[in-house]
Amino acid sequence: MGKFEYLIVLAACVLVTLPLELAGARVYRQPKRLARALLPVALVFLVWDALAIATGVWGYAPEFMTGVHAPFAIPLEEILFFVVIPICGLLTYEMVQLSLTVARRRGERAVRR
């Protein structure tokens with residue numbers, strides 16, 4: 001896998017959680033809400049990464065990276081990490097919330113009977 005290993009792992013995360021959107025999580029269907037959830041956190045961590053890279057505190061193994069970098073030497077894979085992983089988390093959270101709501105409704109209907 002080599003240089004594409006990190007990207008492959010991120011793609012696998014998206015593929016594993018995509019069925020949650022199709023099952024009703026509704027994360028991708030609300031792009032403004034998604035942006036409000038992702039952008040502030042991603043910005044903070046990207047600045048943090050840029051500072052850590054610049055000061056030599058943090059680095060990346062080049063054998064697992066494509067070599068594509070954004071400004072401040074941040075690898076493409078790291079930027080994608082700060083988008084993909086929170087989206088996967090949101091999809092999981094929304095699906096759990098939906099499942100709990102459905103279970104509560106079923107429980108309420110069972111009690112009424």
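Q: How many helices and strands does the chain have?
A: The chain has three helices and zero strands, and along the sequence they follow the pattern α-α-α. Helices (H or I, at least four residues) and strands (E, at least two) are taken here as DSSP runs, numbered from the N terminus. This is a predicted model, in which local features need pLDDT of at least 70 and side-chain atom pairs count only at pLDDT 80 or more, while totals for chains, interfaces and linings use all residues. Residues are numbered from 1 along each chain as its sequence is written, and side-chain values use heavy atoms, with hydrogens and water left out.

Q: What about the overall dimensions, and what is the radius of gyration?
A: The chain has a radius of gyration of 19 Å, whereas a compact globule of 113 residues would have one near 13 Å. That radius is taken over C-alpha atoms, and the globule rule is 2.2 Å times the number of residues to the power 0.38. Along its principal axes, the C-alpha trace spans about 65 × 30 × 25 Å.

Q: And what share of the residues is buried?
A: Buried residues make up 22% of the 113 residues in the chain. Buried means under 20% relative accessible area, exposed means over 50%, and partly exposed lies in between (1.4 Å probe, protein chains only).

Q: Switching to charges, how many salt bridges are there?
A: The count comes to two salt bridges, where a salt bridge is a side-chain nitrogen of Lys or Arg within 4 Å of a carboxyl oxygen of Asp or Glu. In one of them, Glu 94 and Arg 33 meet through their side chains at 3.3 Å, N to O.

Q: Which parts does that pair tie together?
A: Glu 94 lies in helix H3 and Arg 33 in helix H2, so the pair ties together parts that are 61 residues apart in sequence. Glu 94 is buried, with a relative accessible area of 17%, whereas Arg 33 is partly exposed at 42%.

Q: Which residue does Arg 29 pair with?
A: Arg 29 forms a salt bridge with Glu 21, and their closest N and O atoms are 3.3 Å apart. Glu 21 counts as buried at 4% relative accessibility, while Arg 29 counts as partly exposed at 45%.

Q: Okay, new topic: which residues form the positive surface patch?
A: The positive surface patch is formed by Arg 105, Arg 106, Arg 109, Arg 112 and Arg 113, and Arg 105 has its place in helix H3, residues 76-112. Patches are made of residues with over 30% relative accessible area and no salt bridge, with like charges joined within 9 Å and nonpolar side chains (Val, Leu, Ile, Met, Phe, Trp, Tyr) within 5 Å. Lys and Arg count as positive and Asp and Glu as negative, with His and the chain ends not counted.

Q: Which residues make the nonpolar one?
A: Val 41, Val 44, Phe 45 and Trp 48 make a nonpolar surface patch of about 390 Å². Val 41 sits in helix H2, residues 31-54, and counts as partly exposed at 41% relative accessibility.

Q: Is Phe 72 buried or exposed?
A: Phe 72 counts as exposed, at 67% relative accessibility, whereas Arg 26 is partly exposed, with a relative accessible area of 43%.

Technical notes:
Accessible areas come from the Shrake-Rupley method with a 1.4 Å probe; for residues, only the protein chains shown count as cover. The place of a charge is taken as NZ of Lys, CZ of Arg, CG of Asp or CD of Glu.
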